[in-house]
Amino acid sequence: MKKPMKTKIHPSYVAAHVRCTCGNEFVTRATRDELHVEVCSNCHPFYTGRQKLMDTGGRVERFQRRVAKGRLHSAQTRASK
Ligand SMILES: [Zn+2]
């Protein structure tokens with residue numbers, strides 16, 4: 001199972017200059033020397049924290065407050081689940 005690698009059919013990996021739509025730029029290794037991405041580790045919500053999560057949390061909070069006003073008991077039952 002040990003064949004010599006056919007280097008000619010393998011893409012050569014080079015240092016790629018990656019530019020993200022958020023303005024962040026970094027260098028990684030890829031088959032192209034320049035890449036454009038929409039999210040990177042600098043602006044993805046998963047890494048930055050919260051943008052999306054906070055927005056969702058706010059909506060849920062507002063909804064829960066509205067529910068609590070009218071039907072306090074059932075809301076508590078659901079929340080304590
Ligand atoms: Zn980015």
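**Entry 1. A cross-strand pair**

I looked up His-17 and found that this residue stands opposite Val-27 in β2. I took helices (H or I, at least four residues) and strands (E, at least two) as DSSP runs, numbered from the N terminus. I note that the model is predicted, that local features need pLDDT of at least 70, that side-chain atom pairs count only at pLDDT 80 or more, and that totals for chains, interfaces and linings use all residues. I number residues from 1 along each chain as its sequence is written.

**Entry 2**

I next followed the pairing of strand β1 (residues 14–20) with β2, which is antiparallel and runs over six bridges. I count two strands as paired if DSSP finds at least two bridges between them. I also located Val-14, whose bridge partner in β2 is Ala-30. Between the two strands of this hairpin I found four residues, and Gly-23 takes a positive phi near 105 degrees.

**Entry 3. The sheet**

Which order do the strands take in the sheet? I read the order as β2-β1-β3, in an open sheet of three strands with mixed pairing. I find β2 (25–30) and β3 (34–37) at the edges with a single partner strand each, so one side of each has no neighbour in the sheet. I record an average twist of 35 degrees from one strand to the next; for such angles, axes are lines fitted to C-alpha atoms, for helices over the stretch in contact, and the angles run from 0 to 180 degrees between N-to-C directions.

**Entry 4. Burial**

I call a residue buried if 20 or more other C-beta atoms lie within 10 Å of its own, exposed if 12 or fewer, and partly exposed in between, with C-beta atoms placed from the backbone. For the protein chain of 81 residues, I find that 0% count as buried.

**Entry 5. Cys-40**

I placed Cys-40 in the loop between β3 and α1 (45–48). Why is Cys-40 partly exposed? I count 18 C-beta neighbours inside 10 Å, and Cys-40 is therefore classed as partly exposed. Leaving out residues up to four places away in sequence, I find that Cys-40 touches Cys-20, Cys-22 and Asn-24. I take a contact to mean C-beta atoms, placed from the backbone, within 7 Å. I read 9.4 Å between the C-alpha atoms of Cys-40 and Phe-26, which are 14 residues apart along the chain.

**Entry 6. The chain as a whole**

I list three helices and three strands in the protein chain, and I read their order from the N terminus as β-β-β-α-α-α. Among contacts with a separation of 6 or more, I find that residues 24 or more positions apart account for 0%.

Definitions and conventions
Two residues are in contact if their C-beta atoms, placed from the backbone, lie within 7 Å.
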